[in-house]
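These are my notebook entries on a structure that I went through residue by residue. I kept each entry to what I looked up and what I found.

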Amino acid sequence: MAYGGPSMNPPAMIGAVPGSSNLKQVKLERESELRIEVSDEDLKLRVVNGTAEIFGSELPPGIWRKFPPRLKFAVFTWYGATIEMDGVTETDYTADETPMVSYVNVHAILDARRRFAKASTSTDSEPVQGPRVIVVGPTDSGKSTLTKMLLSWAAKQGWKPTFVDLDVGQGSITIPGAIAATPIEMPLDPVEGFPLDMALVYYFGHSAPITSVNNNTINNVELYKVLVKELAQVLETQVAGNPESRAAGMVINTMGWIDGVGYELLLHAIDTFKASVVLVLGQEKLFSMLKDVLRTKSNVDVVKLHKSGGVVARSGAVRKASRASRIKEYFYGPSNELSPYANTVSFSDVQVFRIGGGPRAPTSALPIGSDPVSNPLRVTPVNIDQGLLHSILGVSYAEEPDQIISSNVSGFVHVTEVDMHRNKITYLAPSPGALPSKFLVAGSLSLVDEGRR
Ligand SMILES: Nc1ncnc2c1ncn2[C@@H]1O[C@H](COP(=O)(O)OP(=O)(O)OP(=O)(O)O)[C@@H](O)[C@H]1O
């Protein structure tokens, strides 16, 4: 099997379907895929013949599915299929060189380990832990995509693995700026993505551990580590009481930041989650560094995998736009089918906090002898004023302000109006009614509301 770089074959088209200018059929040979970037309009697609899957999730035969604008995905077939599309794509081409066989081989090994762990549950006093897989690699190496495949293939076989998302840049469970985990009980829907109802979410509040806001560098590396630890500890307790989820293990997605502090954070995540399999996508250097540093740990396997030629590289601007659309998706749904609820409350009904000392103060602005580095874990009340307009705030489950760092959030609100005359704040929330808590957490994430997409 050959895999690696892109192989752009002219679409193996059966041709336009008579009677409709936008209908076309594509015949896919075994182990090939149709790579699609949806244009600015929805695309409809169905499997006419054979079987095909999108990132590990099988498409039901004959049924039209609608894919929203700008979605990038591949329809892969193991044994051959005919696909029908209705609509105009930005791009679509078939590729027969994919790393899918190596990915499914990894799945087979994980499956065997899950079975071994499950069998041990009933016999051993110290049950074996199922595989804890962490997917690492540079930006745009296909980490999220491989994560989805491994989860969907596992769920298809009846496992309920836990998905852990540490990528605050994209935030696939809820929104960017959050780290979260959720059990996966069914293959993932290619449009809806990850289920939200059982998610355990911590709000970090920034799109990267070190960010720049209004030309000020904000270093929240400590906070990131603390939240990763909190999440790991809670999952550890949950898994300890649940043999099914312990045997199924975890699949952990990480940020594409792999140098310097980013590398340290990867090691921190590997250690904190006690990862047993490290999958390194598309980078020789990272692979050998990790292999070397983890060589003394006999229970950790470091595996190198090829990046798929279909992964679409995104510029900084595209990433920013995709973060904004991810946040909109949280409030409006993937196909703009939901309506968030607007609520207006008095300033006194809520308390907003920020974690960390904000930007570093220049030494010259501080009293002599004082430390220019502010406490990275300090929880400070925030005055409600126009500065909060457009902010995305996490609704904390904390009962007291000093529990804010260690508390998960019930969801997010988007501040759409701050009325300084009436001391009222208006926000959008995904569900109606009063907020489950009055403690709100602010970070540097915001969304300038352009209304519905
Ligand atoms: N085989 C493929 N064909 C078409 N599109 C693909 C394929 N694989 C991945 N993509 C698309 O490429 C984009 C980037 O992939 P993905 O999000 O998996 O990369 P990543 O490494 O997780 O990115 P990040 O650096 O943001 O974490 C996504 O939009 C994904 O749907």
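**Entry 1, Ser-141.** I listed the contacts of Ser-141 in this predicted model, leaving out residues up to four places away in sequence, and found that Ser-141 touches Gly-256, Leu-281, Gly-282, Gln-283, Lys-307 and Val-311. I then looked up where Ser-141 sits, which is the loop between strand 11 (132–136) and helix 2 (143–156). Is Ser-141 buried or exposed? I counted 24 other C-beta atoms within 10 Å, and because the cut-off for a buried residue is 20 or more, Ser-141 is buried.

I checked the UniProt record, an unreviewed entry, and its "binding site" annotation covers Ser-141 together with Glu-33, Lys-72, Asp-140, Gly-142, Lys-143, Ser-144 and Thr-145. From this set I took Lys-72 next, and found it in strand 8 (residues 72–77). Lys-72 has 16 other C-beta atoms within 10 Å and is therefore partly exposed. Once its neighbours within four places in sequence are set aside, Lys-72 is in contact with Glu-37 and Val-312.

Which residues come nearest to the ligand? Of the 21 residues around the ligand, I noted Ala-74, Thr-139, Thr-145, Gly-256 and Gly-310 as the nearest. The elements that contribute two or more residues to this shell are strand 3 (32–38), strand 8 and helix 2. By class, I recorded 4 nonpolar, 11 polar and 6 charged residues in the shell around the ligand. Since domain 1 (13–95) and domain 2 (100–305) both supply residues to the shell, the ligand lies between these two domains.

I placed Glu-84 in strand 9 (residues 81–86). Glu-84 counts as partly exposed, because 18 C-beta neighbours fall inside 10 Å. Not counting residues up to four places away in sequence, Glu-84 touches Leu-23, Gln-25, Leu-45, Arg-46 and Val-48. I also took the C-alpha to C-alpha distance from Glu-84 to His-268, and the two are 45 Å apart in space and 184 residues apart in sequence.

I noted the division of the protein into domain 1 (13–95), domain 2 (100–305) and domain 3 (331–360 + 373–442). The C-alpha centres of domain 2 and domain 3 are 28 Å apart. How many residues of domain 2 are in contact with domain 3? I found 20 residues of domain 2 in contact with 16 residues of domain 3. On the side of domain 2 that touches domain 3, strand 14 (200–203), strand 16 (216–219) and helix 3 (221–240) are the elements that give two or more residues. I recorded 9 nonpolar, 8 polar and 3 charged residues on that side of domain 2.

Methods. Residues numbered from 1 in each chain as written. Predicted model: local features only at pLDDT ≥ 70, side-chain atom pairs only at ≥ 80, totals over all residues. UniProt positions renumbered as here; feature names shortened; annotations may be inferred. Helix = DSSP H or I, 4+ residues; strand = E, 2+ residues; numbered from the N terminus. Buried ≥ 20, exposed ≤ 12 C-beta atoms within 10 Å, placed from the backbone. Contact = placed C-beta atoms within 7 Å. Near = placed C-beta within 6 Å. Nonpolar A, V, L, I, M, F, W, Y, C, P; charged D, E, K, R; others polar. Domains from an automatic or database assignment.
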